[in-house]
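Here is a friendly walk through one protein chain, from its overall make-up down to single residues. Keep the viewer open as you read.

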Amino acid sequence: MNDQRLDDLIDLHLNGAISDDERRELEDCIVRSAADRARFWQLAETHVVIHEGLQQGLAPSVAGTSPSSAHCPEPIARFNWFKSRQLQAAAAGLVLGSFGASAAWAYVSPQLPKLVKHVLAVANGGFEENVAPAPNGVPVRYGVWSGDHAALVGAEQGIAPKEGTRMFRFLRSDSTESSSRGAILNGNIYQVVDVRAFRDEIASGTAVVDWSAWFNSVPDAAKEKSKFVASVWAFAGDTAILPRNWAEKLYTEIAYSSSKITADDDPQTWQKISGSMMVPPDADFLVVELKIVPGEPVPVDGAVAFAGHYADDVQLVLRTNARPLLAAAHRAMP
């Protein structure tokens, strides 16, 4: 679908003027295209920022009048806010110009959607707590880092933590569990995050989790550079399936989002990996995975030792919409 048609459909939805056929068309785009999903949330979030800003009194102050006193032949039911930057300027406290207070009135309508953000609890996401990650493969308990051999360290090898005084360091590509994915070449660490407390928020199938992590490494003289990978998986059911799921590659996840970046040679800069994933209504927990993929691995006794590869500041944010929206979107895979 072309960008203008997608924007038009999103505009119709955000202003409560979308027809059933148009809603199905928009849902189809969201299900099929990660780029369209990203565009939807970008516009929806901007919409809410403007909406909330005007609710706090920006509209009357910049328009010079109130919605009730504005002259308008007909009530304005919808306003194509992303086709003009003037409303964004209004949200910043600038002049609304010819749009007047009547345009602002559409934004304080109680029918407009509202995004709610919840910071999901990633245990020791900044690696500041003195709790060493366990070398026990994929965990089945919530709130623990476990995977291949690793350590929590302070500043070393010319690399300072992204935040705080500690950071995570990949040590080797093996663990005490033979079922650990990447046991030969890659170094992995995982954490299971419980989302059952947000059952009501994700029930509509419109919730999105935004995730991010930061990575750094010592300079690498190899021709092929190492790669960092960050992933988030959504599962339904019992966490007991996780070790077998990874060992036998069962792919029982119900949603999945992953991204990677090639390690640079600058220990002074941290590299960010981030992404978003629709959270299915039946999700019980998420699995966060951080991984180092060596460019030219040299296995020793079945494992690879990493010279200096680090991670820090892992975050998850759950975004939900206060009214049901695009219920079919939970079927989409990023």
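## A buried asparagine

A residue is called buried when its relative accessible area is under 20%, and exposed when that area is over 50%. The model you are looking at is a predicted one. With that cut-off in hand, take Asn188: its relative accessibility is 2%, so Asn188 counts as buried.

Asn188 sits in strand β5, which covers residues 187-194. If you follow the chain for 101 residues from Asn188 you come to Glu289, yet the C-alpha atoms of these two residues are separated by 6.9 Å. Glu289 will turn up again below, in the lining of the largest cavity.

## The chain as a whole

Stepping back, the protein chain has seven helices and eleven strands. Of its 334 residues, 48% are buried.

## Helix α1

Which residues of α1 are buried? They are Leu6, Asp7, Leu9, Ile10, Asp11, Leu12, His13 and Leu14. As a reminder when you turn the helix in your viewer, an α-helix has 3.6 residues a turn, so residues three or four places apart point the same way.

## Strand β6 and its partner

Strand β6 spans residues 208-217, and nine of its ten residues are buried, so the strand is largely enclosed by the rest of the structure. Its pairing with strand β9 (residues 271-278) is antiparallel and extends over eight bridges. To find the pairing on screen, look for Val208, which stands opposite Met278 in β9.

The structure holds two cavities of 30 Å³ or more. The largest cavity has a volume of about 40 Å³. Which elements give two or more residues to its lining? They are β6, β7 (227-235), β10 (285-293) and β11 (305-321). Among the lining residues are Trp211, Ser212, Ala230, Val232, Val288, Glu289, Gln315 and Leu316. By class, the lining has eight nonpolar, three polar and one charged residues.

The largest pocket has a volume of about 230 Å³. Its lining counts 16 residues, and Ala134, Arg141, Gly143, Val144 and Trp145 lie nearest its centre. Sorted by class, nine residues of the pocket lining are nonpolar, five are polar and two are charged.

## Two residues with positive phi

Phe127 is a residue other than glycine with a positive phi, near 60°. You will find Phe127 in the loop between β1 (115-120) and β2 (146-147). Is Phe127 buried or exposed? Its relative accessible area is 0%, so Phe127 is buried.

Gln157 is not a glycine either, and its phi is positive, at about 50°. Gln157 belongs to the loop between β3 (150-153) and β4 (167-172). With a relative accessibility of 42%, Gln157 counts as partly exposed.

How values were computed:
Residues numbered from 1 in each chain as written. Predicted model: local features only at pLDDT ≥ 70, side-chain atom pairs only at ≥ 80, totals over all residues. Heavy atoms only, no water. Buried < 20%, exposed > 50% of the residue type's maximum accessible area, 1.4 Å probe, protein only. Helix = DSSP H or I, 4+ residues; strand = E, 2+ residues; numbered from the N terminus. Pairing = 2+ DSSP bridges. 1 Å grid on protein atoms, 1.4 Å probe; cavity = no way out; pocket = protein on both sides within 12 Å on 5 of 7 lines; lining within 4 Å. Points joined across faces, edges and corners; volume = space filled by probe spheres on them. Nonpolar A, V, L, I, M, F, W, Y, C, P; charged D, E, K, R; others polar.
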